[in-house]
Amino acid sequence: MLGNGAIALGLLEAGCEVLTSYPGTPSSEILPEFIRLSRLEGINTYAEWSTNEKVAFDVAYAVAVAGKRSACSMKQVGLNVAMDSLMSSAYIGQEGGFVVISCDDPGPHSSQTEQDTRLVARIAKVPVFDPSTPQEAREMIQEAFSISEAFKVPVILRPTIRVCHGREVIGWDQIRPVRVPARFQRDPNRWAATPRFRYFLHKGLNQKLKEIQKRFEEMGAFNRHSMLAFKDYPFGIISSGVCYAVVRDLIEEFGRDDIPVLKIGTPFPLPEELVREFLARCKKVMVLEETDSLLEYLIGDRSRVLGRESGHVPREGELVPELILRVINAALVELGLEPLVIEEEATFPVQELNLPVRKPRLCPGCPHRPVFYAIRRSNPKGIFTSDIGCYTLGLNLGAVDTCLDMGAAITMATGFYHAHRMDQVDRPIVATIGDSTFFHSGTAGLLNSVYNDARFILVILDNEITAMTGMQPTPGLGIKADGTKGKRIPLQDLIKGCGVEYLKVVDSYNLPELISTLKEAHEFTKREDGGIAAIIARHPCVIAYRKEAVPHPVKVAVGEECNLCKLCFERFECPAISKDEARGRAVINQVLCVGCGVCVHICPEGAIKPIEGEGNGA
Amino acid sequence: MEHKVYDIILSGLGGQGILFLSKILAEAAMREGYLVRGAETHGMAQRGGSVIGHLRIGDVSSSLIRQNCADCLLSLDEIEAYRNINYLKPEGVLCVNTPKEDFPIRQVKEFLEKKKIRAYGFDCLSLAIKEGMAQSTNIGLIGFSLGLGFLPIPYNQVVSVIQDLSKGPSKEKNLKILEEAYREGKRIQGDSN
């Protein structure tokens, strides 16, 4: 079972009745697994893809305020979006257990930052659990709900990508359904506390943390060490999360029981007594944790600590096993102790092979590709602000200049417009944003742009799905998380509702119309009575809806007119086209090609042509 | 299994079916009664870029394989195989989907020999295309590896997993690809003995 499946299982076993989420790697599979397992076990639960993480947080939080157990799941940068809610809810608390699952991405593999949710937990003053394996995540959820309910405080579970996307053999017995009646008790002094009362709530929270800390000291299942009684050690390791699993394997593999390990599963509030005892009996202690330092900061006296502050552990990137071996080994050598390995195995200098960098690319037939191509062609000197999603890969087509966070295509376009306008510089600005991202956090920015009369072209790349994170439905599709029909919210209505007066819908595969519409839209942004010009470039995602996206595949081939200008496989960057070394021209890989037929329109020599009698050119 | 743990690195490009390849091997190992841990790549990295997966058969805590420790490296792409070559331990096995007769490239040969790593290449893609199932190149690579006989999983167990996991008409084709690749692996293994 995938780690995210184990988390979903843990939620159901803990009697969590409601789960809300917004998809984001590595958290995306938790909610679908929660729905699948609920069905499988015949448990009545409610789960929703919310429009963004803040929304997900508030919805699940209210469920807990009403007395039921609930949870929300998101990726670590999603928690930034919900930060406002997290900070305030920590003071107010809730009645039913409430667990926030925020998945970190050391590396990063699929995120804008390597931020550490455990530090966010410290800022918000809420307890946090840090699992080292999928099974442990499942077990921690039970304890997280008990703590949350006993102390009426939100609790964070912080799995990292290797827990979420780790696979482990996990079995389970029949899950006992839990039903707590929803009973919201009116108490405005608490649920709507004014600043005067917030001081007392803050004081109460600090008191709760003290008591939770005591509980954590005794939570041997997650916080424990391997020291023998009455024995002192020259070197020990304090570790949490996935690093602990790696350390444990290393100690076992090399048979080094002489190195004690303190595992911390609840880094905040830190079980200080346990840490103090460990530190007292080890001359030097190495701290290994991801993604940033929390344990290390919380240890007041760091004179015996080897970690990031002392320069022994890298400050960025994932702590992969070979790296952990290396830093432990270096510390042992430095301390004059027996190292784990005397000499490291020789490695092959892979960089000398000059292997091509295989960066991610838009898929063959991706509807975003012609749109970026058209944007770049019609506004070569433009500023291209973009956003988070598959379409960030428009980078490769030279049509993405910025990517800050969810929704920033629109807000940054606004800033660029005002910065240049006040200096009387006229530069076309094209913002690209996906449909799901627009629903997530596009409207507030768009309302602001219209209200403050910014001028730019807004292209909404509508592929009718949240593609990057694994094909979750959107409000524009009107399908809910469990596959049932929801209310469909047409993008057109939403954009018009924001006050945008120019709105065109174009099929993303229709390159000529895209180019002419972009020109017209640019004119509109320059008119005295003009404004924001919005274009919905719509075409179904070729991965999610292959048949709908390419109902009539066009089989194409490269003719002898080809002069190997490379435009089709370099600038247009179709992965199905490459250089045919033998014939000195471009060649179509018929296995990869989906038959979208767009390349027929981009070849300057007209060398890419539909093959007669094969499919009907759409 | 002589080792306490059998470590497999899977590499290739996003979209080549590494997740499914990993799933089949993991499921087969589980049915053989082994504990299994794996680490997968999802999200942005899946879109055509380099992808790597870890699969650990045995009783361990971490899902990640350390460099120099993998018993074998199965790669759906030759370039990705070289990129991840340092995961292989001495006397490990490199098994790659490649159409090239002269695999592996000259530059790595000496290194592989020194480390006593055995390298095998087979054109799994052409075999899969022959059955009209280009996306089943991964099945071909499993069959080939099983034929070579270094994986701690019996062929019949993988057959039954594919029977359960494949759907519709692709099931028979997948089994055929598996069998043909398996025979090829067996043939090569027989030659070298």
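Trainee: Okay, which residues are linked with A:Asp104 in a network of salt bridges?
Mentor: That network also holds A:Asp116, A:Arg118, A:Asp130, A:Arg158 and A:Glu289. A salt bridge here is a side-chain nitrogen of Lys or Arg within 4 Å of a carboxyl oxygen of Asp or Glu. Keep in mind that this is a predicted model, where local features need pLDDT of at least 70, side-chain atom pairs count only at pLDDT 80 or more, and totals for chains, interfaces and linings use all residues. Residues are numbered from 1 along each chain as its sequence is written, chains are lettered from A and ligands numbered from 1 in the order in which they are written, and side-chain values use heavy atoms, leaving out hydrogens and water.

Trainee: How many salt bridges are there over all chains?
Mentor: The search of the whole structure gives 45.

Trainee: Pick one for me. What does A:Glu17 meet in a salt bridge?
Mentor: Its partner is the side chain of A:Lys68, at 2.9 Å from N to O. A:Glu17 sits in the loop between α1 (3-13) and β1 (18-21) of chain A and A:Lys68 in the loop between α3 and β3 (70-75) of chain A, so the bridge ties together parts 51 residues apart in sequence. Those labels are DSSP runs numbered from the N terminus: helices are H or I with at least four residues, strands are E with at least two.

Trainee: Are those two buried or exposed?
Mentor: A:Glu17 and A:Lys68 are buried. Buried means under 20% relative accessible area, exposed means over 50%, and partly exposed is in between (1.4 Å probe, protein chains only).

Trainee: And where do A:Lys263 and A:Glu136 lie?
Mentor: Their side chains meet in a salt bridge too, 3.0 Å from N to O. A:Lys263 is in strand β10 (residues 261-264) of chain A and A:Glu136 in helix α7 (residues 134-151) of chain A, so this pair ties together parts 127 residues apart in sequence. A:Lys263 is buried, at 1% relative accessible area, and A:Glu136 is buried at 7%.

Trainee: New topic: rings. How many aromatic pairs are there over all chains?
Mentor: Rings of Phe, Tyr and Trp (its six-membered ring) pair if their centres lie within 6.5 Å; planes under 30 degrees apart are stacked, over 60 edge-to-face, and the rest tilted. That rule gives 13 pairs over all chains. One of them is A:Phe57 with A:Phe98, edge-to-face at 5.2 Å centre to centre and 85 degrees between the planes. The pair links distant parts of the chain, with A:Phe57 in helix α3 (residues 53-65) of chain A and A:Phe98 in strand β4 (residues 98-103) of chain A, 41 residues apart.

Trainee: Which residues form one aromatic cluster with A:Phe57?
Mentor: A:Tyr61 and A:Phe98.

Trainee: Last one, the surface. Which residues gather in a patch of positive charge?
Mentor: A:Arg376, A:Arg377, A:Lys519 and A:Arg571. Patches take residues with over 30% relative accessible area and no salt bridge, joining like charges within 9 Å and nonpolar side chains (Val, Leu, Ile, Met, Phe, Trp, Tyr) within 5 Å. Lys and Arg count as positive and Asp and Glu as negative, while His and the chain ends are not counted. A charge is placed at NZ of Lys, CZ of Arg, CG of Asp or CD of Glu.

Trainee: Why does A:Arg376 count as partly exposed?
Mentor: Because its relative accessibility is 33%. A:Arg376 is in helix α15 (residues 368-378) of chain A.

Key. Accessible areas come from the Shrake-Rupley method with a 1.4 Å probe; for residues, only the protein chains shown count as cover.
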